Amino acid sequence: MTGRIQGGDQSLSLDLLKQKMANFAKERDWDQFHSPRNLLLALVGEVGELSEIFQWKGEVPKGLPDWKEEEKVHLGEELSDVLLYLVRLSDICGIDLGKAALRKVELNAIKYPASSNTNNGIAHTS
């Protein structure tokens, strides 16, 4: 099962991203550096950069109505870095990320049934 990401007028699969990232690394002879540990550390670094964008903004409303266009573009770049490292890490580890994510959603539905909606909108993914 393949996870799909909606983007504009097209749907982009995790498999396509995985292939593009593998080709990108191969063309640059970067496979030698893409160990699970190195990719995880790079991913953590990118999550840190993503966090910096929100660090002093307080609560931010959905849709980011008060943000400048260049701030949204920057956010998109950092979100993309996180996604791409996550896709690459899952590929190097031999994990089908789409299948794993769907399984996790199903497990969370069992763990947190809709009928027990007492969490005041707090998302749980553990």
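Helices here are DSSP runs of H or I with at least four residues, and strands are runs of E with at least two, numbered from the N terminus. The model is predicted, so local features need pLDDT of at least 70 and side-chain atom pairs count only at pLDDT 80 or more, while totals for chains, interfaces and linings use all residues. Residues are numbered from 1 along each chain as its sequence is written, and side-chain values use heavy atoms, with hydrogens and water left out.

Helix α1 covers residues 14–27, and Phe24 is found in it. A search of the whole structure gives two aromatic pairs. In one of them Phe24 is paired with Trp30 in an edge-to-face arrangement, with 5.5 Å from centre to centre and 70° between the planes. For such pairs, rings of Phe, Tyr and Trp (its six-membered ring) must have centres within 6.5 Å; planes under 30 degrees apart count as stacked, over 60 as edge-to-face and the rest as tilted.

The rings of Phe54 and Trp67 have centres 5.3 Å apart and planes at 50°, so this pair is tilted. Phe54 belongs to helix α2 (residues 36–54) and Trp67 to the loop between α2 and α3 (69–92), so the pair ties together parts that are 13 residues apart in sequence.

Phe24 counts as partly exposed because its relative accessibility is 34%. Trp30, at 36%, also counts as partly exposed. Phe54 is partly exposed at 31%, whereas Trp67 is buried at 11%.

Charged side chains also lie over rings of both pairs. The criterion is that NZ of Lys or CZ of Arg is within 6 Å of the ring centre and within 35 degrees of the ring normal. Arg28 lies over the face of Phe24, at 3.5 Å from the ring centre. Over the ring of Trp67 sits the charged end of Lys57, 4.7 Å from the centre.

Now turn to backbone angles. Most residues other than glycine have a negative phi. Asp29 has a positive phi, near 60°, and its place is in the loop between α1 and α2. Leu64, which is not a glycine either, has a positive phi of about 50°. Leu64 lies in the loop between α2 and α3, and with a relative accessibility of 15% it counts as buried.

Which residues does Arg88 touch, leaving aside its neighbours within four places in sequence? With contact meaning heavy atoms within 4.5 Å, Arg88 is in contact with Met21, Ala22, Ala25, Asp31, His34 and Leu39. Arg88 itself lies in helix α3, and it is buried, because its relative accessible area is 3%.

One further position is Leu40, whose place is in helix α2. Leu40 is partly exposed, with a relative accessible area of 42%. Between Leu40 and Leu86 there are 46 residues of separation along the chain, and their C-alpha atoms are separated by 7.9 Å.

Note on methods
Buried means under 20% relative accessible area, exposed over 50%, partly exposed in between (1.4 Å probe, protein chains only).
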